[in-house]
Amino acid sequence: TERHLVAEQVAAEAGSRCTGYSGLPVCGMSETVTFSFHVPSLEELAEVLQNGLKKNFADVQVAVVDCPDLTQEPFGFPVKGLCGKPRIADVGGVKNLVPVARPDIVYDINTIANEVKLPGAYMLGAGAVSYRTLGINAELIHSVKAKTEHKPAVNGSYLAKVSPTNGECVLEKYSEKYSDCDFGLMSNLYACEGKSGKVIEVKANKRTGEENFVSCMKKALQQHYEEKTVGIGGTFLIKQGKAKLHVMPQEFHPCPFDSDEDVDRWLKFYEMRAPLICQSVFVSRDPGLDLRLEHTHCFSHHGEGGHYHDDTTPDTIEYLGYFHPAELLFRVDRPVLTA
């Protein structure tokens, strides 16, 4: 993959590191690092997640099941399942946004599929849009079947942006306006062949603890597997209740961020209603690769979506998820901050 520098100032600062390509300066990615996850059986993982979620939810049922047909509503994915050579890609990172945004950095899903040694992969997850394509900043909710030698990509992704007129969230299906498969800054992706097969079904209702659905599962993995690193990807529904989500403003922050509080003041937070379809990737521990350990973005069929934080209606919340462990981790283009 190549980084396309669209801002003249950034290109000037890059100087001799960049060379011209199609009228745009370009910088190559840093070397991809591959890591092998610890991969427990689905049955063992189901038990670990069941025990962990019971500490945070009143009603929990975790089982190994056949993956439902994800081409059907409410999912509407371009593939049927979550199985076949499962892997996780952590691409770019938060350091491409904080403390100073790098809107010049653009990646392509098709090239990332090749980078993780799975051409034509189905990828779901959470990331940011390409500034080069949209000319603004926004959340990206990935659901893409990458292209192959004989078939074009099928992009079922959504984007969530802040309306410049009223500050409300605007959710759009990506392919209705754009024809590429690009994204910017960062993404956390679960990749597979999109085949049917066995997955872990997770039902969790009525939250009694303080942790959100994803954090609770991640904590269960951390406590059980300790120094062994386990990676999980999948999709879940918020069937009932409401959730707190954020959407990044269209304009990048004009000054470097000084603190997490600065970031929170910049973000736009919303309470969004079910049903929400959420694309999630989480890893139990960082094996020294500067990973984002959990990242979840949601879309809906009623115009709401964004970055998931937690639910706001613990007494009525209902989650239903389908997950699968990954075998490999690919750390792609890890950001390097220079003074």
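This report walks through the overall build of the chain and then its salt bridges.

The model is predicted, so to speak of local features takes a pLDDT of at least 70, side-chain atom pairs count only at pLDDT 80 or more, and totals for chains, interfaces and linings use all residues. Residues are numbered from 1 along each chain as its sequence is written, and side-chain values use heavy atoms, with hydrogens and water left out.

**Overall build**

The protein chain has six helices and 22 strands; these are DSSP runs numbered from the N terminus, H or I of at least four residues for helices and E of at least two for strands. Its radius of gyration is 19 Å, close to the 20 Å from the globule rule for 339 residues, so the chain is as compact as a globular protein of that length. That radius is taken over C-alpha atoms, and the rule is 2.2 Å times the number of residues to the power 0.38. The C-alpha trace spans about 55 × 45 × 40 Å along its principal axes.

Of the 339 residues, 57% are buried (buried is under 20% relative accessible area, exposed over 50%, partly exposed in between, with a 1.4 Å probe and protein chains only). Take the contacts with a separation of 6 or more: 76% of them join residues 24 or more positions apart, a contact being heavy atoms within 4.5 Å.

**Charges and salt bridges**

There are 35 positive and 45 negative side chains, and the centres of the two sets sit 3 Å apart. Lys and Arg count as positive, Asp and Glu as negative, while His and the chain ends are not counted; each charge is placed at NZ of Lys, CZ of Arg, CG of Asp or CD of Glu.

The salt bridge count is 14, going by a side-chain nitrogen of Lys or Arg within 4 Å of a carboxyl oxygen of Asp or Glu. Here are some of them:

| Pair | N to O distance |
|---|---|
| Arg132 and Asp182 | 2.7 Å |
| Glu294 and Lys218 | 2.9 Å |
| Asp262 and Arg265 | 2.6 Å |

Arg132 in helix 4 (residues 131–134) and Asp182 in strand 13 (residues 182–192) are 50 residues apart, so this pair links distant parts of the chain. Arg132 is partly exposed at 29% relative accessibility, whereas Asp182 is buried at 11%.

Glu294 belongs to strand 19 (residues 294–299) and Lys218 to helix 5 (residues 213–225), 76 residues apart. Glu294 is partly exposed at 21%; Lys218 is buried at 14%.

Asp262 and Arg265 are three residues apart in helix 6 (residues 260–266), which means about one helical turn between them. Asp262 is buried at 16%, but Arg265 is exposed at 61%. Elsewhere, salt bridges with shared partners join Lys85, Glu193 and Lys195 into one network.
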